[in-house]
Protein chains: 2
Amino acid sequence: MSDQDTAGLRARLVQAGVDLLTEEGVQALSLREIARRAGVSHGAPRRHFPTHLSLLSAIARQGFADLADKVAADIDGHRTDPRAQLMALGRGYLDFALAHRGMFELMFRHDLLESNQLGLRETSLPLFQILVDLVSRVQPRSDVPPPVVAGALWSNLHGIAQLWRWGSLQLATGTDDVEPLLRAALDAHLGPAGR
Amino acid sequence: MSDQDTAGLRARLVQAGVDLLTEEGVQALSLREIARRAGVSHGAPRRHFPTHLSLLSAIARQGFADLADKVAADIDGHRTDPRAQLMALGRGYLDFALAHRGMFELMFRHDLLESNQLGLRETSLPLFQILVDLVSRVQPRSDVPPPVVAGALWSNLHGIAQLWRWGSLQLATGTDDVEPLLRAALDAHLGPAGR
DNA sequence: CGCTTCGCGTAGACACTGTCTACCTCTCTG
DNA sequence: CAGAGAGGTAGACAGTGTCTACGCGAAGCG
């Protein structure tokens, strides 16, 4: 019996889901297929997750945690300059969205998640708080409140991620590089870089 | 026999789908339920749409057309001022996303659409062209090319729509009004209003 | 006119899904 | 040692998308 088998089934199911998600995408995440991957019968998950959506929510939660970790690490690289930290945050967000396509899609598919349940919509709050902090450090005295600027900037990042994955932005702007868009978004919301 | 029945089944299926979509949301759009709504057997749609996804794609196409019409109408209200036209466009986009929640969701659910098929991803191009035109009229001489500014602005609008529908922005910014975010986005990408 | 073809809808099968329920088998405890 | 309960198994059920065989009615044609 390997230690994989001795591990709690709950964690094993989540891991199997993450693997399946990265390998085959969201539509492959059926409850029965996840159970098969974990080597148990299709009824087993029910002992740990009352419903299919609650299992998918657990998988998404893992994704939110990974994203938060990654962005925090990316920011740590530029300890001094808040402007550079914001750039790193934006790049990290887009990197994650493009590198973990399935996971990113799941994370914002509120029809597949228990979004009403406490603790899921709130998962992105710490990340947003970091964003607000950085924004207010870059713009100490703006007429627009920092949370609004941060919200607009986050929306911009998220929209770029979404439309880029969809392929529309490449088609519309005629380029294959996200970088100009990312730079344009940051310059727009924070003012040009070297002001 | 009403003229509803004499109409081609193809159009009737799309209409039934649109109705079902606005009434019950995306997850209710099963092929069999649409067929039931249209008063035919579950095999009938196959004569007009080879697969479930192609039927959903036709429904989404209707949505893209409606959105383009609405935005064009909204813009026509302010014939003179391109800045006001952009504001109208943005507001129209958000209005549509919030008023036709199911349709807007379907339109950007590329897992439910034949997004590789010609003619669907391109549906948003005319709208984007209008956006580029308006942007280049507001900013005649910017160092950032108009398509990039337009792409960034579109991303921002789309991101606001997405995150607002999800509820994250209300939670994060602590407000129940999208207007400040819309205004912040336009000011950011085009410069303050009365410059 | 009679016959054939064919567009278009029907009906049933198949594999697959999520959920529910009855069972079975361990392990821990009094 | 007996019993209880946690946790996995297996089967049923309604629903899904797709495929196939069938039927019907209208149009075309000698």
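A: α4(B) passes α5(B) in a right-handed crossing (the near helix is turned clockwise from the far one by less than a right angle; helices are DSSP runs of H or I with at least four residues, numbered from the N terminus). The model is predicted, so local features need pLDDT of at least 70 and side-chain atom pairs pLDDT 80 or more, while totals for chains, interfaces and linings use all residues. Residues are numbered from 1 along each chain as its sequence is written, chains are lettered from A and ligands numbered from 1 in the order written, and side-chain values use heavy atoms, without hydrogens and water.

The axes of α4 (residues 52-76) and α5 (residues 82-99) of chain B come within 8 Å and cross at roughly 145 degrees; axes are lines fitted to C-alpha atoms over the stretch in contact, with angles from 0 to 180 degrees between N-to-C directions. Contact (heavy atoms within 4.5 Å) involves residues including B:G63, B:L67 and B:V71 of α4(B), and B:A88, B:L89 and B:F96 of α5(B). By class, this contact has seven nonpolar, three polar and four charged residues; Ala, Val, Leu, Ile, Met, Phe, Trp, Tyr, Cys and Pro count as nonpolar, Asp, Glu, Lys and Arg as charged, and the others, Gly among them, as polar.

Chain A superposes on chain B by a rotation of 180 degrees with 0.0 Å of shift along its axis (RMSD 0.1 Å), fitted by least squares on C-alpha atoms with pLDDT of at least 70 in both. The two copies are thus related as by a two-fold rotation axis.

Terms used. Helices (H or I, at least four residues) and strands (E, at least two) are DSSP runs, numbered from the N terminus.
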